[in-house]
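Student: I would like to go through this model and ask what each label rests on.
Tutor: Go ahead; each label will be set against its cut-off.

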Amino acid sequence: MNKNSVNKFRSFIIVIHQKYGCLLLKSSKKSEHDIFQLPGGRLDEKDLIINQLEMNNDDYNIKTHILPKEDSFKVAAARELYEETGMDFRNRLHMLKPLEFDLPKKWKFFYLDITNTEITENQCQNKSDRNCYFKPFQKIAKYFISILYTLNNCFNTTNFHLKLSKEHESFLFEKDLVKASQLVQSHSKGICSKALLLFKQNYQT
């Protein structure tokens, strides 16, 4: 699959915190109106390594227009999330749940439920504090720290810091998915906006 064909595919994540809502990233591009988007973007060649390993050379040369497998979209989504926010789920791909929407096949969406544990982890990574957790007890420490923060009401969107890429200047959480869909309407041909409405309709109870 050549580079031009790879660039046609998109992969996005609907990141939901049950208390704060849907994560939206504000673009740093100059515009009359604020441009928000979901974490995600184009597939890269390196995201297709799963497909290449499962095909021999002859098959790979012939199948230049195949649709990348779900795992490749998932790898791309996790990579984009890390590059855009600093939240690292590249080794926890099982947490990205595929969503089935009646949208173009070249676009894939995943659902990611984040908790205070992920926020605590991200805070420590951004501070580059190697002693934030004792390594042998890292997972246990993160769990109990997140509980303490929750009990003390230390978590809110003002003290949650993401390691944003140069493409984004800020972020917000929006509980109302209809409003969230309106905020991302001008991005990605409106497809992400439709995805949020379909997510609310088909996956939210």
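Student: Which sense, parallel or antiparallel, do strand 2 and strand 7 pair in, and over how many bridges?
Tutor: Strand 2 and strand 7 (residues 168–174) pair in the antiparallel sense, over 6 bridges. Two strands count as paired if DSSP finds at least two bridges between them, and strands (E, at least two residues) and helices (H or I, at least four) are DSSP runs numbered from the N terminus. In strand 7, Ser 170 is the bridge partner of Lys 26. Before going further: this is a predicted model, in which local features need pLDDT of at least 70 and side-chain atom pairs count only at pLDDT 80 or more, while totals for chains, interfaces and linings use all residues. Residues are numbered from 1 along each chain as its sequence is written, and side-chain values use heavy atoms, with hydrogens and water left out.

Student: What else does strand 2 pair with?
Tutor: Strand 2 pairs with strand 3 (residues 36–37) in the antiparallel sense over 2 bridges, and there Lys 26 stands opposite Phe 36. Strand 1 and strand 2 are also antiparallel, again with 2 bridges; His 17 has Gly 21 as its partner in strand 2. A hairpin through 3 residues joins strand 1 to strand 2.

Student: What makes strand 6 a partner of strand 1 and of strand 5?
Tutor: Strand 1 (residues 10–17) and strand 6 share 8 bridges in the parallel sense, with Ile 114 of strand 6 as the bridge partner of His 17. Strand 5 (residues 97–99) runs antiparallel to strand 6 and is joined to it by 3 bridges; Lys 97 has Tyr 111 as its partner. Strand 6 (residues 107–114) is mostly covered, with 6 of its 8 residues buried.

Student: What makes a group of residues a nonpolar core, and which members touch the most others here?
Tutor: A nonpolar core is a set of buried Ala, Val, Leu, Ile, Met, Phe, Trp, Tyr and Cys residues joined through side-chain atoms within 4.5 Å. The largest one has 23 residues, of which Met 87, Leu 96 and Leu 112 touch the most other members. Strand 1, strand 2, helix 4 and strand 6 each supply at least two residues of this core, and the largest share, 5 residues, comes from helix 4.

Student: How many disulfides does the structure hold?
Tutor: The structure holds 0 disulfides. The label requires a pair of cysteine sulfur atoms within 2.5 Å.

Student: Why is Ser 188 called buried, and why is Lys 189 called exposed?
Tutor: Ser 188 has a relative accessible area of 16%, so the residue falls under the 20% limit and is buried. Lys 189 is at 77%, over the 50% limit, and therefore counts as exposed. Ser 188 lies in the loop between helix 7 (177–183) and helix 8 (191–203), and Lys 189 lies in the loop between helix 7 and helix 8.

How values were computed:
Buried < 20%, exposed > 50% of the residue type's maximum accessible area, 1.4 Å probe, protein only.
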